[in-house]
Amino acid sequence: MADHTLSHAPAAHGHAVPYTSTGLNTFKLGFWVFLGSECLFFGSLIATYMTYKNESIVGPYSTQILDIPLTSISTFVLLMSSLAMVLALDGVQRGRRTYAIASLLGVILLGATFLGFQAYEFTHFYHAGLKLQTNLFGSTFFVLTGFHGAHVTIGVIWLMVLLVEMLRGRMPPARSLTLEIAGLYWHFVDIVWIIIFTLIYLIQ
Amino acid sequence: MADTHTHAHAPAHEDHTSGHPTWRTYVVVGFILTAITGIEVALFYIPSLANILVPSLLILSALKFAIVVLFYMHLKFDDRMFSRVFFAPLFLAALVVIGMILLFKVLPGLEIS
């Protein structure tokens, strides 16, 4: 009988994890692999957008319709949601429940605000005559930012589920990995937006 | 008899942060990210900087990306294996984007003498 406790695992969240050949938590490692695949997914969408950039033969064109001040505010909102996310994780890891709940609620509200900005932008574009089938800009823009928005929506729903868990007292420090994984996903949608904001909105 | 795969549940007072930064560091990083975003938007509105706009924005964007990944996603503090499985496909994705731009935007515009 062998005891495979690996208390010295380097990324084991300060407590022992079951034995693995890498010494790492397989859930976390698998999630990083998933995020790597997401890089390729968004990479292909960004590559398509860049390929067809300024190739539309009918308007509205990107230079006519993109609202930089509005998108700058929504970018700030998403960045602040990432800050709130790490503060929520910090709260759970240190056993500060109220602080963690308030921070996670902040992430959800900021994420919902970002989605509100995106809904407003899409509606505005639609009324300005830009639809998915209008031109190359419309097709590539809506597909790329739409998929990003879908990821944010999934993230908000995920975090709402975790908030309920937290409110029920089911998120002790020993379970902080659950929130850390959700946090990795949330930060990933943030870094994708960092790229989108620069390539689509600022470099026209 | 089967091997015992112990999962030691730590007591509540144990540190679960694995060397992660404190909230102060996170807030400072948040301020830095906000400042960089402000600089990006300011650069966009300054006509005299049009010549250096694209490289400046790309550098600042890469800087923000790196800061979030290193500090908020903890790659600076976690095992290197996590970095490898993330940065390898990221590098491949970047190659795809650069390759597509070269093929469809740059090379067709070049005159072959």
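**A close look at helix H1 of chain A**

Guide: Helix H1 (residues 26-51) of chain A packs against helix H5 (residues 136-167) of chain A at an angle of about 155 degrees, and their axes are 9 Å apart. Helices here are DSSP runs of H or I with at least four residues, strands are runs of E with at least two, and both are numbered from the N terminus. An axis is a line fitted to C-alpha atoms, for helices over the stretch in contact, and angles run from 0 to 180 degrees between N-to-C directions. H1(A) and H5(A) are therefore roughly antiparallel to each other. As for the word, angles under 35 degrees count as roughly parallel, over 145 as roughly antiparallel, 65 to 115 as roughly perpendicular and the rest as oblique. The crossing of H1(A) with H5(A) is left-handed; that is the term if the near helix is turned anticlockwise from the far one by less than a right angle, and right-handed is the term if clockwise.

On the H1(A) side, this contact is made by Leu45(A), Ile46(A), Thr48(A) and Tyr49(A), and on the H5(A) side by Thr140(A), Phe141(A), Val143(A), Leu144(A) and Phe147(A). Two residues are in contact if their C-beta atoms, placed from the backbone, lie within 7 Å. Sorted by class, the contact of H1(A) with H5(A) has seven nonpolar, two polar and no charged residues. Ala, Val, Leu, Ile, Met, Phe, Trp, Tyr, Cys and Pro count as nonpolar, Asp, Glu, Lys and Arg as charged, and the others, Gly among them, as polar.

Before we go on, a word on what you are viewing: this is a predicted model, in which local features need pLDDT of at least 70 and side-chain atom pairs count only at pLDDT 80 or more, while totals for chains, interfaces and linings use all residues. Residues are numbered from 1 along each chain as its sequence is written, and chains are lettered from A and ligands numbered from 1 in the order in which they are written.

Now to another partner of H1(A). H1(A) and helix H6 (residues 176-202) of chain A pack at an angle of about 15 degrees, with their axes 11 Å apart. H1(A) and H6(A) are therefore roughly parallel to each other, and H1(A) passes H6(A) in a right-handed crossing. From H1(A), the residues in this contact include Phe27(A), Lys28(A), Glu38(A), Ile46(A) and Tyr49(A), and from H6(A) they include Leu177(A), Leu184(A), Phe188(A) and Ile200(A). By class, the contact of H1(A) with H6(A) has 15 nonpolar, no polar and two charged residues.

Asn54(A) is found in the loop between H1 and H2 of chain A, and its phi is near 60 degrees, a positive value in a residue other than glycine. Asn54(A) is exposed, with 12 other C-beta atoms within 10 Å. A residue is buried if 20 or more other C-beta atoms lie within 10 Å of its own, exposed if 12 or fewer, and partly exposed in between, with C-beta atoms placed from the backbone. Pro60(A) also lies in the loop between H1 and helix H2 (62-65) of chain A, and the peptide bond from Gly59(A) to Pro60(A) is cis, with omega near 0 degrees.

Back in H5 of chain A, we find Val152(A). Val152(A) counts as buried because it has 22 C-beta neighbours inside 10 Å. Leaving out residues up to four places away in sequence, Val152(A) touches Gly111(A), Phe114(A), Leu115(A) and Val189(A). Val152(A) and Trp186(A) are 34 residues apart in sequence and 7.5 Å apart in space, C-alpha to C-alpha.

Finally, how confident is the predictor? Its confidence in each residue is the pLDDT, from 0 to 100. The mean pLDDT of chain A is 91, and 91% of its residues reach 70 or more. Over residues 1-14 of chain A, though, pLDDT stays under 50, and the model has 43 contacts beyond four places in sequence for this stretch. Where pLDDT is low, the predicted coordinates should not be read in detail. The model scores ipTM 0.88 and pTM 0.88.

Terms used
pLDDT = per-residue confidence, 0-100.
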